[in-house]
Amino acid sequence: MNSFNDYNKTTGSNGARHPDPMGWAEAVKEALAEPALEEFNQPETQPSASARAAAYQLAVALGRCRVFGQELPEDLDGVLPAAEAVAAAQQATILVQRWVKDLGNLGMRWDEAIPEVAESMCAEVLEERMELQFVVEAVSEAYQELLEEGDAEAAQLEAALDELAANVERFDEALQQLEILALLSTVVDLPLLDNWRAFLSGPYREMPPWWLDGTLEAVAEERDRVVVATLPRAEVWRQISAQEAGRAAILHLSMVSHARHVASLIFNIAQPIAVAADTPVGTPEVRALLRWRSPDGRLVARLSVPREAYPEDRLVLELLSGDESREATELRGKRIWLGGVEAQVEEKGIARIPLGLLRESLGQPEAELTLEVEHRGEKWLALTGDEES
């Protein structure tokens, strides 16, 4: 297969034509005509953001044709040149890292949106994932050709592809959390998924990606089952719209999977009443014990929320093994962010967070009290806390 460097943009008219009802082949032609791609003809310079974006769009257009089986005319068909393939993978990595972070507040944005907008947000997330699949397909094709030709540029592309694959894996892990799956399952009644499935070609038709293999439909069925089981009377069920029923089920599934710790517990910590100097000071009475679990399930974090504390006091966050039987000393020296406040894990697997600074960062009692460990944007899952009355 020829490289796109051989494509004649001035004529582009040789070779047999193929039906292009969806305009996918035309999209490849348009992507090839993007002026920013000219930068790749100057190998001594690093591609600009515009050039990377153009290479990314070319990879999307070509990968879509491969995944959906759209044949390209001989004069238009080709593989990504090494430089463009590396740039496309790098741009995809930048985007997927941003998309992973955006998932952190998808639930909040979904709750606040009107049904049509909420549905559109979920469809957009799935479109992002599908777009990544197109890019991976096009870049992998280029890498395979470089390997077969023994091209030295294969090593650089392999590194870019490996980094992209690792970030795509993180995106998939985030997308497959129960709460996110429940949100994404609200699009199963749209034609989007069925359309994609109908277009899949070759190995993709035989083994669809997870968002097209029935996973979302299974989650939607479970969501509906929960709604039916928890509604008090049949007539109430009939009065509730499908969208509101979905919202009720998602709320239930979210509560089953993990709670949302809110900042009100932190703002409700009272300031101690001054006592005489000779009055003994005991251990602060604990009002609540909040827990989080790491995304891989191996570790647990535990925050003791006292009934009383001064603003300059520090709350203690314990990092433990999954069964809470030992200190997570392997995290020593790592950074954590509780409610956006950064701290460092000490020798015995604990981190100390100034109460006043935490309140300032949270801003209001309604804010979510989140925990991130080692990586910003990767939230630990909040578990039900052992609160006292």
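Guide: Two strands pair if DSSP finds at least two bridges between them; strands (E, at least two residues) and helices (H or I, at least four) are DSSP runs numbered from the N terminus. This is a predicted model, where local features need pLDDT of at least 70, side-chain atom pairs count only at pLDDT 80 or more, and totals for chains, interfaces and linings use all residues. Residues are numbered from 1 along each chain as its sequence is written, and side-chain values use heavy atoms, leaving out hydrogens and water.

Visitor: So how do strand 1 and strand 8 pair?
Guide: Strand 1, residues 286–293, pairs with strand 8 in the antiparallel sense, over 3 bridges. In strand 8, Ala382 stands opposite Trp292.

Visitor: What order do the strands of the sheet come in?
Guide: It's an open sheet of 5 strands, ordered 6-3-2-1-8, with antiparallel pairing. Strand 6 (350–354) and strand 8 (381–383) each have a single partner strand, so one side of each has no neighbour in the sheet.

Visitor: Okay, helices now. At what angle do helix 3 and helix 5 cross?
Guide: Roughly 155°, and the axes of helix 3 (residues 82–103) and helix 5 (residues 115–149) come within 10 Å. Axes are lines fitted to C-alpha atoms, for helices over the stretch in contact, with angles from 0 to 180 degrees between N-to-C directions. That's why helix 3 and helix 5 are roughly antiparallel (angles over 145 degrees).

Visitor: Which residues make the contact?
Guide: Among them are Ala85, Val96 and Trp99 of helix 3, and Glu128, Glu131 and Leu132 of helix 5; contact means heavy atoms within 4.5 Å.

Terms used
Angles under 35 degrees count as roughly parallel, over 145 as roughly antiparallel, 65 to 115 as roughly perpendicular and the rest as oblique.
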